[in-house]
Amino acid sequence: MRYPFAVAAGPQERLLITCPLLPEVSVTCADDDDTDIVSPVREAIWAAFATRIADRRAIALPSEEPTLFVSFPPITVLKIELHNAMVATGMRKAHLRRLLGDVQPMIVDRLLDIDHASRLVQLEAALAAMGREIVITTRAAA
């Protein structure tokens, strides 16, 4: 998943970096050639993902190929898709637990924890329980 961000001139010769899909993301950093802007943007977007999951708010997904972006791993994308499906249907964790065969609560918590390295098979089962399927494509690297 390639998440877009925008860079603009900020106060006091700094850069202001925002994310159009996540208005709460705003990062400032030095305006010089040696500044790594991708790492702090990735961390801010990651934190926004975690906050939105905790608050049960949908996470907008990119709809077009952005010019400036940070990438996130496929497992993170699947966790966001699961979260968004739950938000869209009003499903609670307890209901998903029952759909998965009454698994332990921590199993569902970990499926929605973007910091936990869930297994693909577990995410696939959770998404299937919600009537979704995973479709994988590849393309030449940019």
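This is a predicted model: local features need pLDDT of at least 70, side-chain atom pairs count only at pLDDT 80 or more; totals for chains, interfaces and linings use all residues.
1. Overall make-up. The chain contains 5 helices and 5 strands. In sequence order these elements follow the pattern β-β-β-β-α-β-α-α-α-α. The C-alpha trace spans about 55 × 35 × 25 Å along its principal axes.

2. Burial and contact range. The chain has 142 residues, of which 30% count as buried. Among contacts in the chain with a separation of 6 or more, 58% come from residues 24 or more positions apart.

3. Geometry of the H1 and H2 pair. Helix H1 covers residues 38–54 and helix H2 covers residues 74–89; the two pack at an angle of about 30 degrees, and their axes are 11 Å apart. H1 is therefore roughly parallel to H2, given that angles under 35 degrees fall in that class. The crossing of the two helices is left-handed.

4. Residues at the H1 and H2 contact. H1 contributes Trp-46, Phe-49, Arg-52 and Ile-53, which meet Thr-76, Ile-80 and His-83 of H2. By class, the residues of this contact are 4 nonpolar, 2 polar and 1 charged.

5. Thr-76. This residue lies in helix H2. Thr-76 counts as buried because its relative accessibility is 3%, against a cut-off of under 20%. With neighbours within four places in sequence left aside, Thr-76 is in contact with Trp-46 and Phe-49. Both of those residues belong to the H1 side of the helix contact.

6. Aromatic pairs. The count of aromatic pairs comes to 4. For Tyr-3 and Phe-72, the ring centres are 6.3 Å apart and the planes stand at 85 degrees, so this pair is edge-to-face; the class applies to planes over 60 degrees apart. Tyr-3 is in strand S1 (residues 2–4), while Phe-72 is in the loop between strand S5 (69–71) and H2, so the pair ties together parts that are 69 residues apart in sequence.

7. Burial of that pair. Tyr-3 has a relative accessibility of 0% and so counts as buried. Phe-72 is buried as well, its relative accessible area being 5%.

8. Aromatic cluster. Tyr-3, Trp-46, Phe-49 and Phe-72 form one aromatic cluster.

Note on methods. Residues are numbered from 1 along each chain as its sequence is written. Side-chain values use heavy atoms; hydrogens and water are left out. Axes are lines fitted to C-alpha atoms, for helices over the stretch in contact, and angles run from 0 to 180 degrees between N-to-C directions. Helices (H or I, at least four residues) and strands (E, at least two) are DSSP runs, numbered from the N terminus. Angles under 35 degrees count as roughly parallel, over 145 as roughly antiparallel, 65 to 115 as roughly perpendicular and the rest as oblique. A crossing is left-handed if the near helix is turned anticlockwise from the far one by less than a right angle, and right-handed if clockwise. Contact means heavy atoms within 4.5 Å. Ala, Val, Leu, Ile, Met, Phe, Trp, Tyr, Cys and Pro count as nonpolar, Asp, Glu, Lys and Arg as charged, and the others, Gly among them, as polar. Rings of Phe, Tyr and Trp (its six-membered ring) pair if their centres lie within 6.5 Å; planes under 30 degrees apart count as stacked, over 60 as edge-to-face and the rest as tilted. Buried means under 20% relative accessible area, exposed over 50%, partly exposed in between (1.4 Å probe, protein chains only).
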